[in-house]
Amino acid sequence: MKVEIIQGDITKSHVDAIVNAANTTLMGGGGVDGAIHQAAGAKLDLACAKLQGCASGKAKTTLGYLLPAKWIIHTPGPIWQDGMHHEPEILKNSYLNSLKEAEKHQCQTVDFPSISTGVYHFPLKQAAQIALSTIINFKQQAHYIKRVRIVAFDIITKEVYQEVLEDLLQ
Ligand code: AR6
């Protein structure tokens, strides 16, 4: 299983599954969630309404509809308060449960955004450490997944994830 960091717009990813940094209603919002709902079209809103929300750190899957990706794995990450409200554990669970959903749907390629580091204000470097260590540790359990990418929207996010990945692989 390869792990890569790229910069780009995750709604354009030609992969088996993209992950959505959602909220617990799963009914859309701003940031990457808004971009995914906009690009996937109204059928995604209908599918999400049927899911009746999702707890933080859990993950639920829909089709990708008008996206090039076949599946969308929706996971609400933690809202950063002070780091003492289980935020690291919840973020880890978002990555882990999303990877489990990807395996369940026999995905070979999975793209993640930087969950919780936008509107939810999780500190970027700590988020990158949790994201990448969880993905790397999942390698032993990955039967279908061959490549996982972090799709960073901005250059700072790309650079921080790249540095953390190099540190973890040393
Ligand atoms: N492709 C890849 N990454 C993106 C894109 C995109 N098209 N657009 C934004 N990002 P955020 P959160 C980056 O705020 O912190 C929503 O309203 C963005 O620059 O989208 O988990 C939900 O409904 C940042 O690096 O997600 C929730 O209420 C990263 O994606 C709340 O925001 C995550 O930023 C979730 O907040």
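The model is a predicted one, in which local features need pLDDT of at least 70 and side-chain atom pairs count only at pLDDT 80 or more, while totals for chains, interfaces and linings use all residues. Residues are numbered from 1 along each chain as its sequence is written, and side-chain values use heavy atoms, with hydrogens and water left out.

The protein chain has five helices and six strands; helices (H or I, at least four residues) and strands (E, at least two) are DSSP runs, numbered from the N terminus. Along the sequence these elements follow the pattern β-β-α-α-β-β-α-β-α-β-α. Along the principal axes, the C-alpha atoms fill a box of roughly 45 × 35 × 30 Å. Of the 170 residues, 48% count as buried, where buried means under 20% relative accessible area, exposed over 50%, and partly exposed in between (1.4 Å probe, protein chains only). Of the contacts with a separation of 6 or more, 71% are between residues 24 or more positions apart, a contact being heavy atoms within 4.5 Å.

Helix α1 (31–40) has D33, G34, I36, H37 and A40 as buried residues. Seen down the axis of α1, these residues fall within an arc of 165°, so they line one face of the helix; the arc is that of the directions from the helix axis to the C-beta atoms. On the other side of α1, G31 and Q38 are exposed. The buried residues of α1 pack against β2 (17–22), α2 and β4. After α1 comes G41, with a positive phi near 95°.

Helix α2 spans residues 42–51, and its buried residues are L44, A47 and C48. Seen down the axis of α2, they fall within an arc of 100°, so they line one face of the helix. An α-helix has 3.6 residues a turn, so residues three or four places apart point the same way. The face of α2 turned away from the buried side carries the exposed residues A42, K43, L46 and K50. The cover over the buried residues of α2 includes α1, β3 (60–63) and β4 (71–76). Just after α2, Q52 takes a positive phi of about 55°.

Strand β6 (residues 147–152) contains R149, which counts as buried because its relative accessibility is 14%. The side chains of R149 and D111 are joined by a polar contact of 2.9 Å; a polar contact is a pair of N or O atoms within 3.5 Å, and within protein one must be able to donate a hydrogen and the other to accept it, with residues adjacent in sequence counting only if both atoms are side-chain atoms. Leaving aside neighbours within four places in sequence, R149 is in contact with E4, I6, S13, V15, V110, D111 and F112.

Of the 22 residues around the ligand, N23, G30, D33, S116 and G118 come nearest, a residue being near a molecule if one of its heavy atoms lies within 4 Å of it. A nitrogen atom of the ligand is 3.0 Å from a polar backbone atom of I10. Ligand oxygen atoms lie 2.7 Å from a polar backbone atom of G30 and 2.8 Å from one of S116. Taken alone, the ligand exposes 700 Å², and the protein buries 89% of that; accessible areas come from the Shrake-Rupley method with a 1.4 Å probe, and for residues only the protein chains shown count as cover.
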